[in-house]
Amino acid sequence: MIDFRTALSVMSKSSPYAVSTERSTVLSTDLDAVKKYLYIEDSDIETDFKKVLNSLSFNDKKIIFLCGSSGDGKSEILTRAKKNFLSKVNFHLDATHSFHPNDSAIQTLDKLFLEFSENSKPLVVGINTGMLGNYAKEGAVSEIKKSALAFLDKESTPDNHIFLDFESYPKFKITDDGYEADFTHKLLNKITQAEGNLIREIYERNRSVNKDKSSKRLHANYELLSQPAVQKTIVELLFKARLMHDQFLTARSLLDFIFTLLAGPGYLFDNLFAGGDNELLSKITDFDPAHLRTQKIDRFILANDLALPDNEFDEFKAHIESIGIENLTGSHSYLRLFYVLKNGDFKNTYPSKFIQDFNESLIEKYINIYQLHRSYDGSSIQRKALKDFYKNSLSTAIRKYNNRNAPNLGKSHYLISELNGYQLAAELDITADIKRITQFSTQSPASFTACIKVENELLSIPVNINLLNLMQKIVDGYRPNKHDKNTVVLLDELIAGIVKVANKLNTLHIFKSNQHITVKKVDEDELKVSGM
Amino acid sequence: MIKEQLDIPANNKLSTYLPLRTKSLHYKFCWDTVLGYFVRVFYGKEVKKITVDDFKELCKKRLSPKIEEEPDFWLVLEKMYFEHEQIFKISPELLIFKAVKGEIDTNSKKLGDMYLGLLNGFNVPSSAENNLNFLEKEIKSEFDNFYETGKGKARENEETPYLPFLTELFQQDLLFLSKRPQYLLNNFNAFIRLYGFLYVSQMALNIKNWSNGAPTSKPCYFIIDNEKASDERSQVKNYGYGQLNEYLEYLFPYLVMNETLQEKGDIKPIWQLFEGLTDDHISKLNDFGKDFVEDRHQRKWYKKPLNWTNTNDNNELLAQLLDIAHAQFEKGKGGLTTFNDTVRKGLLGNICDPFIQRRGRAGQVLTFNQDYIVLLTNLAIGEKEKLRLHELLDEFEARGIFFDKQSQQCLIDFYERMGNVERMSDSGDAVYVRKTV
């Protein structure tokens, strides 16, 4: 029987199993079994892919492109499908794969497509989206270049070129009551579920045999990962990395991520925030709760560092020792442990004391407003909530940002420019354009489109979580400067649009110290000035 | 093309293509004046001797009847727009006043002529004023009243552009900017500095390559200004500052020889001169070469004896002519090296300077700062909404700006921080970059 750690190593990106190829020889029967067990059958894209394959007839002159990022699982799906469809379809597993080492990837593809045109069978190609883009530019077969370009530009493609893209099957979905991460959830479940779980069987057997320190830690990590609360926190962190850092989640990176959580150098909660060469971990370090500073957290760190007596905490410590977490001393490690446990009703309630401090209100607020934009039903409750966002967050942020150098201006005045100490401003009415919101329904959870009406002009702006965060900070008094480029660009674009509207108005206001001059253009020959 | 009467010039003088002269005081430019001088031609305005103050009076005359009831309002407008150069923020065309206050100094005029040569007679209609408020519109209308567009002569001395590829892009980028007057106003100076560098650097890198037809964009590697320039980066090391510095040495001698051989007022680039050489010119040019070498020997401008070899091959002939011009300035060979050093230092220190940084042990490197990257990115994307990273880099390279893999990564990181990228997958190839104007 194989060792637990060895069994898990199948998930590591440095394992030979991280890349799927057609192997005739078996590396290890045990590891093969683990790998096979871990595979999540019939994902949405695989189901759709099989449907397309089934619909093909022998003489169809069609090419099916299965595209995605590296590590998405293209080859895995293809090797599985190949067994069943080889008789009627030609497979090319890896677009860059060639038997001629001197050929470039583009040349290989050229050959492949030329062969296809002489052949009668349909063709299936697994290709990285980036590679497809390169082919669209440099390739030789113009028909395919054209289709690839159309696909990349999200336009319709001819019937004989079918594109299946992993990105059209988002790993995260915002639903009516929150969000879901189907793939991640299924995978975590598969690794930890209680019944019919090959990995758990190996774990159970190993636990009674291996009693050394590092094995014990590995076992404790597995126990932690099996907690639904911990899984929930992990999914939440991954979603945050996706929304805030645009981090792609692929099957390979996710498996390696879980492997590092379990078999990394420390306990799961420390591994989670330790960074490292996994791209997901490197993004998650930014969310390390040990960097949070609140009164309660500071007080805890102080008390723990000074070893002040705390009965409740002692009980908690005793409890975690019972699941194998021993000799934990650092306050930061404790905070991270509290953080991963925050979502559950753990037997000991100690971590729940910090729920307020670990508040994830931003992500919740984002999802809430996102949902309102996507499925606005016209009800008065939703209407009120939307208006509240537009008035108290969006408009206020716009005004405060626009008037950042003119805080003296009133609530309806918007600064156009400051000329030698004179503030030139216009009075503007900015309101939510709720009717237009539903026109911008979106699939991607990355952003929603906010619609406003400035006087009679309609403006819109894509809002992602970072912009929402920035607007919130501006409302609270933060003033970004020009070097604070991140996401300010989006806001600047909107402001430029608003100033354009302001410049068209026929009444302007000029402020200097206590003076307020109003100039009104009556007609081509007369300007009416008041307040001199 | 080739002069009827080929005399041996007593000195090395240059008045075409580049503002190259041999005293360091010739490299003191007033960039504002250059800009004003350029704007006049770019918008096709005629030459008028009118100052900002004259213009202010005209505006006052125009507005007074409209504000009869509150005549003091003019004083407010005067303070707002006519003090501290605020007037120039209304429209790029108004920058013209920067060049007409008094006479234009020769240095700036020569530099201005370099840009006009690059512009090659291109001009655009009066700038759109859709983003002005009604007060500013009055001022702009008054300006348009007496500075009619399309009346000015394009250029005094017509030259064939030395770098047709760059001229085409320069025109394209200017057209793009002229449709966005506010953005142009904010970036005009940077834009002019950018193309100043590109023109000088690509001229230098192409100067020796005259036998292969029209110039093309030659590799010139930059780094982003917050990057490290380590020795391991071979492209940055081999095709960066060092390469440029090396090639700059040939600009002055080669262009002087080019000019010496051709009829005044009809000077063509070296590559066109070469294309136009026929067998009829051979004996004349051989004689000229021989006399030139003799003359320079007498003036002691060659430190080492130099021989002229008669040849019937056009390519060898022109190469030899350019060579004997260069030998006067070559280290160890010529007596005029200090003059050419002035040219090189003048170009590096006064035209190319925004893109050169001294980096400790790595020496000088060519760098791009973030503001220039944003400008360049917007120009490269142009009227399109977004470009794939690869296409964007191609556009950069077409303009003579190259980045190695490491810089490209740095570039993506920068765009990501700025929030103008869209990813289609985790692969670096599938990144789209959006423009920010």
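At what angle do helix α8 (residues 182-192) of chain A and helix α11 (residues 228-245) of chain A pack? The angle is about 150 degrees, and the axes of these two helices lie 11 Å apart, where axes are lines fitted to C-alpha atoms, for helices over the stretch in contact, and angles run from 0 to 180 degrees between N-to-C directions. Helices (H or I, at least four residues) and strands (E, at least two) are DSSP runs, numbered from the N terminus.

This is a predicted model, in which local features need pLDDT of at least 70 and side-chain atom pairs count only at pLDDT 80 or more, while totals for chains, interfaces and linings use all residues. Residues are numbered from 1 along each chain as its sequence is written, chains are lettered from A and ligands numbered from 1 in the order in which they are written, and side-chain values use heavy atoms, with hydrogens and water left out.

In the contact (heavy atoms within 4.5 Å) between the two helices, A:Thr184, A:Leu188 and A:Thr192 of α8(A) meet A:Gln231, A:Val235 and A:Leu238 of α11(A).

Chain A contains 22 helices and 14 strands, and its C-alpha atoms fill a box of roughly 90 × 80 × 45 Å along the principal axes. Of its 532 residues, 52% count as buried, that is, under 20% relative accessible area with a 1.4 Å probe and protein chains only.

An open sheet of 5 strands in chain A has the order β7-β8-β12-β13-β14, with antiparallel pairing; two strands pair if DSSP finds at least two bridges between them. Because β7 (413-419) and β14 (526-530) of chain A stand at the edges with a single partner strand each, one side of each is left without a neighbour in the sheet. Neighbouring strands of this sheet are turned by 25 degrees against each other on average, direction ignored. Between β7(A) and β8 (residues 422-427) of chain A there are 6 bridges, and A:Ser417 has A:Leu424 in β8(A) as its bridge partner. Helix α22 (residues 488-504) of chain A packs on the sheet, touching β7, β8 and β12 (507-512) of chain A, and its direction makes about 85 degrees with that of β7(A).

Two nonpolar cores, each a set of buried Ala, Val, Leu, Ile, Met, Phe, Trp, Tyr and Cys residues joined through side-chain atoms within 4.5 Å, are listed below.

| Core | Residues | Members include |
|---|---|---|
| Largest | 275 residues | A:Phe257, B:Phe55, B:Tyr415 |
| Second, separate | 24 residues | A:Ile63, A:Cys67, A:Leu132, B:Tyr432 |

Note on methods:
Buried means under 20% relative accessible area, exposed over 50%, partly exposed in between (1.4 Å probe, protein chains only).
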